[in-house]
Amino acid sequence: MDKNGMDLQKFSKGSNKENFCYTNSADYLAELQKASMMKRNEKYCTLPDKDKGVDIINIKGIEDIGYVQSDSMILNSLVPQRDSTYQQGLYFSDAKRRIDFVLAYHIKKHGSRKHAGRHGNNAISSIKGGQQLPGKNTDPEIGAHDLTADYHEDDKRLRREEFEGRLMETGLELEKDEDFCTDADCEAAGVKQGCPKKHDLTKTPGIGYVKIHAPWHVLCREAEFMKLKMPTKKVYEVNQSSNFVEKINAFISKVTEPLHPNVDGAKVSNVKHLSYPFSREKQHLFDLTDRESFFDSKTRSTIVYEILKRITCTKAKYSMGITSLLANGVYTAAYPLHDGDCEGDDADQNDRKVLWDEWASYSVFYKYQPINLVRKYFGEKIGLYFAWLGVYTQMLIPASVVGIIVFLYGCATVDDDIPSMEMCDERNNITMCPLCDRTCSYWKLSTACATARASHLFDNPATVFFSIFMALWAAMFMEHWKRRQMRLNYKWDLTGFEEEEEAVKAHPRAEYEARVMQKSMRKEHKVKKKQPEVVEERTNKWKQTVQTAMAGVKLTEKEKLTWRDRLPAYTTNIVMILFMIGLTFAIVFGVILYRISTAAALAMSPNPTTRSNVRVTVTATAVIINLVVILILDEVYGSIARWLTMIEVPKTDKSFEERLIFKAFILKFVNAFTPIIYVAFFKGRFVGRPGKYVYAFKSFRMEECAPGGCLMELCIQLSIIMLGKQLIQNNLFEIGIPKLKKLIRYIKSKRQSAQEEEEREKKLQRYETDYDLEPFVGLTPEYMEMMIQFGFVTLFVASFPLAPLFALLNNIIEIRLDAKKFVGELRRPVAVRAKDIGIWYNILRGVGKLAVIINAFVISFTSDFIPRLVYLYMYSPDGSMHGFINQTLSYFNVSDFQTGTEPLDPLQLGFKVDICRYKDYREPPWSPDDYEITKQFWSVLAARLAFVIVFQNLVMFMSDFVDWMIPDIPKDISEQIHKEKVLMVELFMKEEQGKLQMLETLLAKTKEGKGTENCNNHSPYSRPRSHKGSTTSLHSQNDDA
């Protein structure tokens, strides 16, 4: 020991695999305690190679919020015996302490430079002193580059040292595991014997790991701070419903028994543990017989991550938390470990293995999801997502059945549809006007027979009923989910989660704190410029550093970002969003021009088959182009939305997530539905009439709808885009990209040398295997995918009744696909508590309300439902639909064509055409008001608007009525919540009575052992109050023992 109390640094030369311990200065610690800063001066030192034992350095903790911590420990990472007790990287090298969290970082290989080497802190001091690194014969350019690289690496290492030291101050225990050393490293360091080889150390090249373990006292302390509800010893029976309802539930449970997964807790239990927020003073309430399993792995990792978020580094220019350290490359990854292997028959049985077999397998697609096990392993937020996805998929079953019935009704009545029969009757001899200028000629209406018959499959009276049904279905779905969500909140002990959730909302993000610190420093710099310089006495360097950091923290607390600071970001957001929406409109308009020009080109084809299938060919190719553009822009818009949210610098993670979701949803919704909205509401509306058509850029004539209306084309557009997005973007990408990444890793492994390949083939540790998995990026992509699908199912369901069926088939695969991805292909996410699905519920409600309006307009303006009703009740001579087609077609004299627009081949039909027909409500050419709009047009328009108003208000009223009729909280759940509160009060009352009885017993014994004077000085009324705390702790210790 030196005079300052600093341990002498000992190290072994020649190994990049260092066995680490920390040393600390007593004077420095005392100084920092005076400054109320939790700051340590730890330095890494290497142990001699001969000391191959476990070296434990006790570090005295600092008092944390009134509680004195016990000694914390950090272990040097030695070569572990990879036996069954070590469980392949789930425990520290002592095979007793579980790894709760892992931090990974890159290590620079020092064997790449022949002469440069770092021993302990010598490299750091040489850089700070401005001296050249060892190696006199080094090329100056290479030396300068290496100097810069080493400086950054040393800076990252110093930040890691500080951060890990602060973690230990909170009571966490760390163990480091770094990369193997090469023979060149050993030779350069002068070590000939005892240098660790590759087979002794980690097999992940260039990666170091910090394994974190939370001891029992840290778990208890943080669980109390986080107000985690834990099950107590008190067990009560859940109240059953009435006998009739109970019998029905028992019957349903018996029938659906084969559908339940083979996991513990899958069946409904009538017994529940009373839960209470964990408290160290009330540990006697909880069953602590098995402390190892009291906090499960999900809870332990959550607690550790909360500590990681709270700890900051202050040696940099501004405070840096774990998110900033990850963003700056100080650490490359931070993740909890999976419980073990999931694939293979020889894998140990664990929660991950059970989820893989009973949830992530396609062979169990017909079974319910083990939601409770999903929540236990991944946390409440992910559990709620899969619960919502399961409810949504179940609700799609009745919607799919009704949609199939509607479709079959259209198939059964297609031969009885009088308008389509009239269109297919060649005896009517109706000659239609050309569909384009010059190149197109006259054509017979009977050639559109197939389109008319296909349109009836989706354009029939049953579609109106189906639209109303789907609007009520959306309301029922929302109410069913709210009730299901409330049941899960009760079952998962989230009923009193509001207070803790508000505290989480207020926790600022690292980027926000950095921005505020920069603002504070700018203000401080301006103030210093104005004030005259004052010469101060030279103070202690470390004290000055601490004072500067404390001043920065105070400035950060005082300052905040105002709307003036965010004004440039807000302006950029508005401009970029408008630009992206305009880009989407421009692309859709470009596809319209493609359709017009392609239709004109195909009409000139000498092949009669090509000419007869112009409309189908143009529609199909245009939809495919739209699909490709949508898939590309989806990825672009997702990245842009994230960038726009980042420049706003939201204060909290919740605010960041909500703003990101809102922007991404707006952009992706517009991208997906703009082509469909064009076909539904704009195509064929602004065409004009023969002789007076509307042109785009004075050369492209706007396209028209088919004689049977645009509903069939809308159906084709909707079905191809919906199925294409689901098959290509959702399923093919999710399956193909992970497979492709595995293939790339396999090819890279084949390129390695035989020795390296042999090393990689060895069994990796769990933390090394998990590092190779894909990082978890959040649930936003999963929710976004389902929101767009929900829009396809509800918004234009009047034109495509089979949309719920295709959504159901997709979701059956999607659930298992997402499960396989979460269990086997992603790193284990940090569990996050949540009691609802957040902003996504509001988006669902908004889409549901919008669906009512859009379906009203689709039925009214896109389909022929209203014109048929108007004709049937106002213009039909015999009260039938005979003559409807002739009534909707107007006459045009071919001599009124504008010059240069008449057909080049007017005799293509074999006879001269004098009068052609077109779809519109206009006066004939022989009328005094030729080509003017008729009264029937205004009658139909009035009926359409009236239908929109009536349909919208009726369906909205019915939806609100359903919402009002079904309570959000089930009655039995509200009763159980009230019962829990009563039981908890009774439990505490009995506890207090027990304490009072104990006090009375102690007082009685005291009176018997002492004299009368001593008894008078200790009043029986004042003593219980003065000794309440000590007696409580005594009672707690006795119960705990």
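What share of the contacts in the protein chain with a separation of 6 or more is accounted for by residues 24 or more positions apart? In this predicted model, in which local features need pLDDT of at least 70, side-chain atom pairs count only at pLDDT 80 or more, and totals for chains, interfaces and linings use all residues, the share is 81%, a contact being heavy atoms within 4.5 Å. Residues are numbered from 1 along each chain as its sequence is written, and side-chain values use heavy atoms, with hydrogens and water left out.

The protein chain has 1041 residues, of which 48% count as buried. Buried denotes under 20% relative accessible area, exposed over 50%, and partly exposed the range in between (1.4 Å probe, protein chains only). The chain contains 35 helices and 18 strands, defined as DSSP runs (helices H or I, at least four residues; strands E, at least two) and numbered from the N terminus.

Strand E7 (residues 207-213) is largely enclosed by the rest of the structure, because seven of its seven residues are buried. Ile207, Tyr209, Lys211 and His213 point one way from E7, while Gly208, Val210 and Ile212 point the other way. Strands pair if DSSP finds at least two bridges between them. E7 runs antiparallel to strand E5 (residues 101-106), to which six bridges join it; Val210 is the bridge partner of Leu103. Five bridges, also in the antiparallel sense, pair E7 with strand E6 (residues 173-177), where Glu173 stands opposite His213.

Aromatic pairs were assigned to rings of Phe, Tyr and Trp (its six-membered ring) with centres within 6.5 Å; planes under 30 degrees apart count as stacked, over 60 as edge-to-face and the rest as tilted. The count comes to 53 aromatic pairs. Among them, Trp216 and Phe294 are edge-to-face, at 6.2 Å centre to centre and 65 degrees between the planes. Trp216 belongs to helix H5 (residues 216-225) and Phe294 to helix H7 (residues 291-294), so this pair ties together parts 78 residues apart in sequence. Both residues are buried. The pair of Tyr392 and Phe477 is tilted, because the planes are at 45 degrees, with ring centres 5.6 Å apart. Tyr392 in helix H12 (residues 380-412) and Phe477 in helix H15 (residues 461-491) are 85 residues apart.

A charge sits over a ring if NZ of Lys or CZ of Arg is within 6 Å of the ring centre and within 35 degrees of the ring normal. Arg828 lies over the face of Tyr377 at 3.8 Å from the ring centre, and the charged end of Arg98 sits over the ring of Tyr91, 5.8 Å from its centre.

Three disulfides were found, each a pair of cysteine sulfur atoms within 2.5 Å. Cys433 is joined to Cys916 with an S to S distance of 1.9 Å, and the link is right-handed, with 85 degrees about the S-S bond. Cys433 lies in the loop between strands E11 (431-432) and E12 (443-444) and Cys916 in strand E18 (residues 915-919), so the pair ties together parts 483 residues apart in sequence. Cys424 and Cys449 are joined at 1.8 Å; Cys424 is partly exposed, at 22% relative accessible area, whereas Cys449 counts as buried at 19%. In the disulfide of Cys436 and Cys440, the sulfur atoms are 1.6 Å apart.
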